[in-house]
Amino acid sequence: MKSYLLSILILSLSLSNASAQSSDGTWYRGNTHTHSLWSDGNDFPEMITEWYLQNGYDFMALSDHNILARGDKWMALDAVKKRQKGEGPGAMEKYLKRYAGTDWIETRDNKGTQEVRLKKLEEYRSLFEKRGKFLIIEAEEISAGFGNKPIHINALNIQEVLPAIKGSSVRDVMSRNLQAISKQEKETGEPILAHLNHPNFRWAITAEDLAHVIEEKFFEVYNGHPGIGHLGDETRPGDEEIWDIANTIRIAELKQAPLLGVATDDSHNYHGGHNSPGRGWIMVRAKRLDPKSLIAAMRKGDFYASSGAYLDEISWNKKTREITIEIQADGESTFTAELIGTRKNYQANADKGKTGIGEILASKKGRSITFAVPKDVLYARVTITSSAAHSNPSFDGQKKQAWTQPVGWK
Ligand SMILES: [Zn+2]
Ligand SMILES: [Zn+2]
């Protein structure tokens, strides 16, 4: 009874969610990559979930490293405190304040060590979830590696924890872990969506690796963690270029479908001025707010990635080869949309240090944009960049952006 009353209180605090009706379904906003005290994040799962609920999200996935929020897990208060970065009230102080006057929080003295029990998903889910309004998707960041290279894959709507699997190369590790996810999907009959995370983190995964592991269907074109090399460096491509290189190889050489791009927070820090939630998310146009509908829409490519720009409409007309985008107004912000793709004869165009991959085919300003996709491209996609700065940037000079999925490749 108590948790029922608590859930009413929490839902009444939530702001209006971001979903908007559209002809083909509803746009639902979600973050699929989040860490809590269950692994290396620095806040309690209920506190994090409530942040997303109150900040205009329709769904979220807590995706801790190699663990699900199941079973009893006690954590020393000292260890909670050690996670804190920066100044200000810590996780435990905020947690105690939030749930003051209830018996929600459990602490104990374990032979002189003060401990708090981390709540299981099945315990806190009902505080926040409301049919059609807010959904929590169970997830794991399967955190494998090859040598010192991290190979992290998020599995959304996972049904049982999957241990990270080793292998004989970066590609082999990617492939084996993706196959384990597929196997669980087949065995349980529940759709499980995998996305490969932060390829440039410690420069672990190249565009060629991403291209050749064809079990991989989704990857992070933007991840809000500041240490993941989003922009690349002098010699290595950033995440957007990686996307174009991988998709060019997939379509031109391997005759495979292109990778689709997600944006995520990969949030770890929730206190002290280095707060990471709210940097990147996806907007999925689905029939209903449930894992099955969201994953089905994503597999059809009916979603976009965002770090701040919202789209009311994206439509692709196969016959006329036109892609039309309606960008939502955002104060005085102006928007630039770039049509990016690779021409079929890209190798012939490669000169003067240019690869011919991921060319800017056209650029337009405004909020109602239509691009004609040239016939001679392998695929095309659109990146929208606002004149407005990101409110909580993960790199210097970051603007609000949105990324649509590749079209024109079939
Ligand atoms: Zn990771
Ligand atoms: Zn992560």
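Domain bounds here come from an automatic or database domain assignment, and the model they apply to is predicted.

Q: How many Å separate the centres of domain 1 and domain 2?
A: The assignment gives domain 1 as 2-16 + 24-71 + 119-306 and domain 2 as 309-404. Taken over C-alpha atoms, their centres are separated by 23 Å.

Q: Which element supplies the largest share of the side of domain 1 that touches domain 2?
A: The contact takes 22 residues from domain 1 and 18 residues from domain 2. On the domain 1 side, at least two residues each come from β11 (260-264), β13 and α8 (239-253). With 8 residues, the largest share is that of α8.

Q: Why are the buried residues of α9 on the same side of the helix?
A: In α9 (residues 291-299) the buried residues are Pro291, Leu294, Ile295, Ala297 and Met298. They are on the same side of α9 because, around the axis, they cover an arc of only 160°.

Q: What covers the buried residues of α9, and which residue with positive phi follows this helix?
A: The cover includes β2 (25-31), β3 (59-65), β7 (135-146), β9 (193-196), β12 (281-286) and β13 (303-306). The residue that follows α9, with a positive phi near 85°, is Gly301.

Conventions
Residues are numbered from 1 along each chain as its sequence is written. Chains are lettered from A and ligands numbered from 1 in the order in which they are written. This is a predicted model: local features need pLDDT of at least 70, side-chain atom pairs count only at pLDDT 80 or more; totals for chains, interfaces and linings use all residues. A residue is buried if 20 or more other C-beta atoms lie within 10 Å of its own, exposed if 12 or fewer, and partly exposed in between; C-beta atoms are placed from the backbone. Helices (H or I, at least four residues) and strands (E, at least two) are DSSP runs, numbered from the N terminus. The arc is that of the directions from the helix axis to the C-beta atoms. Two residues are in contact if their C-beta atoms, placed from the backbone, lie within 7 Å.
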